[in-house]
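These are my notebook entries on one chain. I looked up its overall layout before turning to single elements.

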Amino acid sequence: MKYLQRALAVAEERGYFNAPELLRLQEEVPEWLRALAHEDGLAKLEARIGLPVPGALREYYACPQLACFLEASMDGEVFLKDPYVADGEPPQVVNWWGRPHLAIAFHGHSGMICAVRLGEEDPLVFWGFEDEPYEDKRGPPLSFSEWVFRHVDNHKARLDP
């Protein structure tokens with residue numbers, strides 16, 4: 001683990017992966033996400049999108065517990081189930097600023113997509129709609145590994161009284 005080690009260490013140290021909700025979600029991981037935990041699944045995705053899957057996402061896909069944690073803890077849908085409507089199999093590619101971005105989540109209420117910019121080993125995370133990115137004025141975009149780490153690290157603060 002190169003990119004997500006920090007997030008995994010904190011999640012394991014705090015026992016997040018043993019939480020009943022996460023254990024239950026492991027039964028619901030969609031087949032497309034399970035397939036990406038293996039090289040042949042990644043190869044099929046790369047052939048479909050015409051680009052390599054970034055190293056940080058390879059680590060993420062190899063760790064379904066981390067996907068379950070994000071599914072349970074963030075205000076978004078990382079399993080990309082309904083109401084996510086897209087042509088073809090998830091994850092889908094959206095083009096923002098003339099560059100391909102791979103969808104990793106969506107916000108169920110607004111339909112906003114969370115996607116990482118392809119072509120980088122630890123890509124930046126952006127939110128937007130299928131046809132337009134959202135320019136967040138709160139600060140610069142985070143790398144995928146930092147974005148995941150912040151979700152894990154900040155989760156305890158939301159659990160504490």
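**Overall layout**

I counted seven helices and five strands in the secondary structure of the chain; helices (H or I, at least four residues) and strands (E, at least two) are DSSP runs, numbered from the N terminus. The model is predicted, local features need pLDDT of at least 70, side-chain atom pairs count only at pLDDT 80 or more, and totals for chains, interfaces and linings use all residues. Residues are numbered from 1 along each chain as its sequence is written, and side-chain values use heavy atoms, with hydrogens and water left out.

I read the order along the sequence as α-α-α-α-α-α-β-β-β-β-β-α.

**Burial and surface**

I looked up burial and found that 47% of the 161 residues of the chain count as buried (under 20% relative accessible area; exposed is over 50%, partly exposed in between; 1.4 Å probe, protein chains only). The accessible surface of the chain is about 8600 Å², and 50% of it belongs to carbon and sulfur atoms (Shrake-Rupley method, 1.4 Å probe; for residues, only the protein chains shown count as cover).

**Helix H6**

Why is helix H6 largely enclosed by the rest of the structure? Seven of the 10 residues of H6 (residues 64-73) are buried. Among them I noted Leu66, Phe69 and Leu70.

**Strands S1 and S2**

On strand S1 (residues 93-96), I found Val94 and Trp96 on the covered face, and Val93 and Asn95 on the uncovered one. S1 runs antiparallel to strand S2 (residues 99-106), and four bridges join them (two strands pair if DSSP finds at least two bridges between them). Val94 has His101 in S2 as its bridge partner. The two strands S1 and S2 form a hairpin with two residues between them, and Trp97 in the turn has a positive phi of about 55°.
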